[in-house]
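I opened this notebook to record what I looked up in one structure. The entries run from the overall picture to single residues.

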Amino acid sequence: MPDWPAEYETLRDADREHDLPAEDLERLAVAAFMLGRDDEVVPLRERALHDYVAGGRRADAVVCGFWIGWHLMMRGDIAQAQGWTARLRRLADDNDPRVQGMLAQQAAVARMWSGDPAGALPDFERSVEIAARDRETDVLVLALLGRGRCLHLLGRDAECTAVMDEAMTYVSAGRVQPQVAGLLYCAVIDMCMGHFDLARAQEWTRALTAWVDDHRGAVAYRGTCLVHRAEILQLRGNWSEAAERADEACVLLDVRPEPAVAAAHYRVGELARLRGRLADAESAYQRASELGLEVQPGLALLRLAQGRPDVALAGLDRVLGEESDDPRARPLQLAARVEICLAMADVGAAEDAAASLASMGGPDAPPFLRALVEHASGAVLLARGDARAALPRLRRAWTLWRDVDAPYEAARARSLVARACGGLGDTDAAVMEADAARAALDRLGAVGTPFGVAGDAAASGPLSPREREVLRLVATGATNRAIAAELVLSEKTVARHLSNIFGKLALPNRAAATAYAFEHRLV
């Protein structure tokens, strides 16, 4: 188990007494990196490189320079990294294939990050071939990572998974340096989440957590690890622990900025929104946006919860009209658009969004994506008044959400199953399904209305106090005559109230109204 504070202090004290040799300077650079002392890494490696050159060890100097370029790219200092690539070309022996493989990899990284994964892929494959032949494990694993990222960006997910599995065999066996291992863990989790492979993402998140815990005092990758854990915990319904991990990540990453810091604040916002803490969610989304992260669909769903569906829709339409390099973003944004359009009673627009979502989730799609499709499609059918067609799709959505262990989404699907049962006149099933959905949401601490049908949002026509009284009595099984007697109204007035209720909530009959009343705790 590495003890990075002890490693750093021992080497730093030795360096103060007498200049360390190049190999120990590189060890000190790794320790500094793992402890979050990023500003020390490049100067230490530059000293090592100078010593290698002075000693005539040009190949070792090139390898050292490769790590300098890698670190600069990790920090986002692309221009400086490319400068080091040019410098390495002057140092390199044209006849040394190992060095040529490193240079090919650096050129490929720059090309991939400039938006040309197809052009970068051959250079990564060349680097893989050379590094595998020369048994340069760290360079090989980084080249495999680059290859996997290119395949991921090109939509070749099956090939990407195979490449990343190969890379992770070296990581799991402890055959790479710690800065490479941490990077690979984070990258493979990102890619799994990117194509909704949640089981694999959870498996690698557990492995990353154990790896970070084994590296005493390590700061590098700890914040990113916490962000991944928070997202998985949120999906699994462990919201309190997820919020703790997200808050912890924000504190850690705000001190030592990394790209994951924006994602940490976004996760804080998501968890606050789900639990009804709308002001906290607003602040967290604002911070994530300041740090450069696209905050949709979370912000749109916050606006919906605030009763501002028109603003919510404008934000989603803006982001859906832009290109995104995040393959996971568009399905989630389309699902949110379905929800918001239904809340605005714009069933046609919701149907269009659901169709776009369905085009991304065929029978071979991951279960999470299929669940999104079935949920959205069922909600649209229900809003159309076709409860019979909606019910099997909503039941499939519930089953898929249950299978991926997503209790919040499963409860939302089940609430729509209740409405569909009510629409078919099965009051008993409607009440039981609504009770089960509400109990699940209560256990989670969820606040707000479930993913619904036209008329769910407060902005689409809330019930008056009298209408709520009528609806409550309908849910008890009372007839119009009994309701009229209870409220001292005429039967004609009760019928008018019922007509208004059905219209405002897009409910087809009394059974559906009963399910709605139980779902929203009116009885």
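The entries below cover the fold, the aromatic rings and one arginine.

I worked from a predicted model, in which local features need pLDDT of at least 70, side-chain atom pairs count only at pLDDT 80 or more, and totals for chains, interfaces and linings use all residues. Residues are numbered from 1 along each chain as its sequence is written, and side-chain values use heavy atoms, with hydrogens and water left out.

**Overall.** I found 27 helices and 0 strands (DSSP runs numbered from the N terminus: H or I of at least four residues for helices, E of at least two for strands). The C-alpha trace spans about 100 × 45 × 35 Å along its principal axes. Of the 523 residues, 54% count as buried (under 20% relative accessible area, 1.4 Å probe, protein chains only).

**Aromatic rings.** I noted 11 aromatic pairs (ring centres of Phe, Tyr or Trp, the last by its six-membered ring, within 6.5 Å; planes under 30 degrees apart are stacked, over 60 edge-to-face, the rest tilted). Phe66 and Trp67 pair edge-to-face, at 5.4 Å centre to centre and 75° between the planes. Phe196 and Phe368 are stacked, at 5.2 Å and 10°. Phe196 lies in the loop between helix H10 (178-194) and helix H11 (198-214) and Phe368 in helix H20 (residues 367-383), so this pair ties together parts 172 residues apart in sequence. Both Phe196 and Phe368 are buried.

**Arg337.** I located Arg337 in helix H18 (residues 329-343). Is Arg337 buried or exposed? Arg337 counts as buried, at 17% relative accessibility. Beyond its neighbours within four places in sequence, its contacts (heavy atoms within 4.5 Å) include Asp317 and Ala353.

Notes. Buried < 20%, exposed > 50% of the residue type's maximum accessible area, 1.4 Å probe, protein only.
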